[in-house]
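Reader: Could you walk me through a structure that I have just opened? I am new to this, so please go slowly.

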Amino acid sequence: MTATKLGGPEVQARPAVEEKPDKKGTMIKIPLLGITTAIAIWAAFPLVDNEAWIGLAVLIATTAGLLYLYLTPRHIPLKYLAPGTILLILFQVFPVLYTASTAFTNFGDGHRGSKQEAVTAIQTASVTQVPGSQQYALTVATTGDPATGPLVFLITDPVTRQVEAGDADGLKQIEAAVNSAGRVTAADGFTVLTVGQASVRSAEITALAVPTAGGAIRSSGLSRAYEGRAGRAYDEGCDCIRDTTTGRTWTADETVGAFVDGNGERLAQGWKVGVGFSNFTRVLSEPAIAGPFLRTLVWNLAFAIASTGGTFVLGLLLAMALHSPRVRGRTAYRVLLVLPYAMPSFAMLLVWRDMFNTDFGLINNLLGLDVDWFGGSASARLAVILVQLWLGYPYMFLVATGALQAIPRELAEASRIDGASAWGGFRRITLPLLMVALTPLLISSFAFNFNNFNAIYLTTEGAPFPADNPANGATDLLITYTYRIAFGGGGAQYGFAAAISIFIFLIVAVVSAASFRRTRHLEEVHA
Amino acid sequence: MSWLKQVGWRHLVGVLMLVFALAPIVFVVSAAFNPLGTLSSSEIVPTGASAANFTRLFADTEFGHWFLNSIVIAGLSSAASVFISALAAYAFSRRRFRGRRVGLLSVLLIQMFPQFLAIVAIFLIFSTVTDYWPALGFNTWWGLILLYLGGALGVNTWLMKGFFDTVPRELDESATMDGASHPQVFFRILLPLVAPILAVTALLAFIGTINEFLIANVFLTDAGAKTLPVGLVGMVAGERNANFGMFCAGTLLTAIPTVLVFQLLQRYITDGLTAGAVKG
């Protein structure tokens, strides 16, 4: 599978060198391949047990591919790329593709499973006990551990004394020993819960509903169960849900994945359907969403540029200032100045958040102010950028110091002899040379800051929020905004969030790829 | 006057930056030793010296476990990711094959997808993994390390590739002429030469992993399995004011491994930054 990604057989520019057998290499290679095979065999057993044939096929193909790859003298580049690529595909490409595919669905709260699951959920949720409901003797059992295993209702028909086992999937007949009251004393494959064990899990027992043809069986206490009638039932003829008492109907709408009545009101439980590009068009066309999206995008770009540019300027200024043998105590300066880099950033973000606290924050205390920093848009934005400056400049300082030391001093001196001012020499000689080395780092720093989730989530959490839109605050980055849509309190809209994340990806990727194209000649210099 | 123009401004910039750099750290130190241990009683000047916050940290929480987990996970995964990345950088720098440019670019671009959204997918994947292979499932070191290694090919691969490019090709070509195989060229000749950049990327990877919060937060739920960020953030999530001193004590202790790794690798790092930057 790695071969297809990298585009088939490799072409070497240089004549292939005949490989000589390397005795020591073989002695390391054979045990390593042996360990790989052993791990693959160990991993195969659970796949066989669970009849996961596709997984097994992938495992066998990958292992066979690896053995071939490292035993053949061909495909040398692939030998070096395979370990990283396999991990990349498993833990990055695959999750990302899965996420991207949900952008074309309505996956989220109320739209998680199939239509059948939605119908069952609607019916069982509407079950009530009515006069004349069939009563059963109930025994609570489990197929696993009494404290944590999945619960099963063992119900005994009071007349035939036939025992059936039921869980959320439905009923099936079993053989069991029953006592005079009709309660099960023992059954193969089930562990009967004692009264004590059952009462601990009473909340789960109350919640369990075993679907039947006309409704569902629910518990009434720990020893009795009844078959209630569903207040709402699915009618295949009209593909709708009908309320048996009021006669209201909700018709299935396959385009939105929900049951909708004549007035456009939906039932809460829907199912997952493909919605094409509607999540994407929604971002651009719905004013309530497009407005905040564009505003957030502009601020997001400003934040990324200010954080990257600010740390770069600060780091470079500092590196230039200390780049002189006449400054005494340079080593001490350097050691102390990179200290912020050694502090754990997640913790320092939280500390900064508390330092900006209005009532007992350090900044207001020291400066004798009473500013509600995270209360106004401008001050909150200033605050988060200031925090990013503190966290980010030591890295730029280290890198710029290194790059400055690599530039021959004679170059700057030569320009001064030629009559250039200090500033002119810096701008024409030093800065261009620095940029050659630092541009790739600046681009990756930009990409990192564009999606700097922690910087916002651990400090302002997006605040301040406008009164009319609690879902999008002034310091929200696209990524924190998306996080709130995907996992926030207002109901998860996972498909929609995935669509926004694809937009984010496109923006960052285009900006970065364009910058890399512009620096392409740099690589040619190196290669 | 001339001294002021040539040297004085340098000290001015340095001192101003020192104040900015150190103020929050001094605050954390004073809060960590503050006997009251609350946020509202913490000031930048130490208000007392007491180890109460540290003893509470070890007595009331599983800080020792978190610390060990973080060290093992960050240590192993950064070491492994540097090795995997170096292998790939060698192929990208020294070998010419079809799909090289596409491979290089896609390695970079895939990292730009907001990965936290993939958390739901990762959660589903690892729910199955926990069922099939509990040794690699949730709340284990090995599962999280594997997951982090998914990101081994990335920006670091680019950094290393750039560094490999600066090592003259004649070196490995002459070795090949002398009969060295490609693993010998890689392990014996190139790796020692690129040691500085290995140290730099190891440090970056270590800092990145030991600070990682989002994925670890989903992955590690058992109190004893947590890493430092998950444990410490959880500690101030509910009791922000009361636990502030403990939190700062934990922050200081968390900085120790990073500083040690930095010291350990420093010999190479200045070299790596210097030489890695402009050469060629």
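This is a predicted model: local features need pLDDT of at least 70, side-chain atom pairs count only at pLDDT 80 or more; totals for chains, interfaces and linings use all residues.

Reader: OK, and what does UniProt list for residues 297–319 of chain A?

Author: The unreviewed UniProt entry lists residues 297–319 of chain A under "transmembrane region", and the other stretches listed there include 53–71, 78–98 and 494–516. In the model, residues 53–71 of chain A are likewise 100% helix and 0% strand, with end C-alpha atoms 27 Å apart.

Reader: How is chain A divided into domains?

Author: Chain A is divided into domain 1 (2–9 + 22–102), domain 2 (127–230), domain 3 (238–283) and domain 4 (286–526). Between the C-alpha centres of domain 2 and domain 4 of chain A there is a distance of 60 Å.

Reader: Which helices of chain A come within 10 Å of each other, axis to axis?

Author: One such pair is helix α16 (residues 422–450) and helix α19 (residues 494–518) of chain A, whose axes come within 10 Å and cross at roughly 175°. Angles over 145 degrees count as roughly antiparallel, and α16(A) and α19(A) are therefore roughly antiparallel to each other.

Reader: And which residues make that contact?

Author: From α16(A) there are A:Ile443, A:Ala447 and A:Phe450, and from α19(A) there are A:Val508, A:Ser512, A:Ser515 and A:Phe516. Sorted by kind, the residues of this contact are 5 nonpolar and 2 polar, with no charged ones.

Reader: Switching to strands, what order do they have in the open sheet of chain A?

Author: There is an open sheet of 4 strands in chain A with the order β12-β13-β14-β15, and the pairing is antiparallel. β12 (232–235) and β15 (258–260) of chain A stand at the edges with a single partner strand each, so one side of each has no neighbour in the sheet. On average, and ignoring direction, neighbouring strands of this sheet are turned by 30° against each other.

Reader: How many bridges join β12(A) and β13(A)?

Author: β12(A) and strand β13 (residues 240–243) of chain A pair over 4 bridges in the antiparallel sense, and A:Ala233 stands opposite A:Arg242 in β13(A). Helix α5 (residues 115–125) of chain A lies across β12 and β13 of chain A, and α5 runs at about 150° to β12(A).

Reader: Where in chain A could I look at a hairpin?

Author: You could look at β6(A) and β7(A), which form a hairpin with 5 residues between them, and where A:Gly182 in the turn has a positive phi of about 95°. Strand β6 covers residues 176–178 and strand β7 covers residues 184–187, and the two pair in the antiparallel sense over 3 bridges, with A:Ala177 opposite A:Ala186 in β7(A).

Reader: What about chain B, and how many residues does each chain bring to the contact?

Author: Chain A brings 92 residues and chain B brings 85 residues. On the side of chain A that touches chain B, the largest share, 16 residues, comes from helix α4 (residues 76–102) of chain A, and the residues of that side divide into 67 nonpolar, 19 polar and 6 charged. Chain B itself is divided into domain 1 (1–50) and domain 2 (61–277), whose C-alpha centres lie 32 Å apart.

Conventions: Residues are numbered from 1 along each chain as its sequence is written. Chains are lettered from A and ligands numbered from 1 in the order in which they are written. Domain bounds come from an automatic or database domain assignment. Two strands pair if DSSP finds at least two bridges between them. UniProt positions are given in the numbering used here, feature names are shortened, and annotations may be inferred rather than shown by experiment. Two residues are in contact if their C-beta atoms, placed from the backbone, lie within 7 Å. Ala, Val, Leu, Ile, Met, Phe, Trp, Tyr, Cys and Pro count as nonpolar, Asp, Glu, Lys and Arg as charged, and the others, Gly among them, as polar. Axes are lines fitted to C-alpha atoms, for helices over the stretch in contact, and angles run from 0 to 180 degrees between N-to-C directions. Angles under 35 degrees count as roughly parallel, over 145 as roughly antiparallel, 65 to 115 as roughly perpendicular and the rest as oblique.
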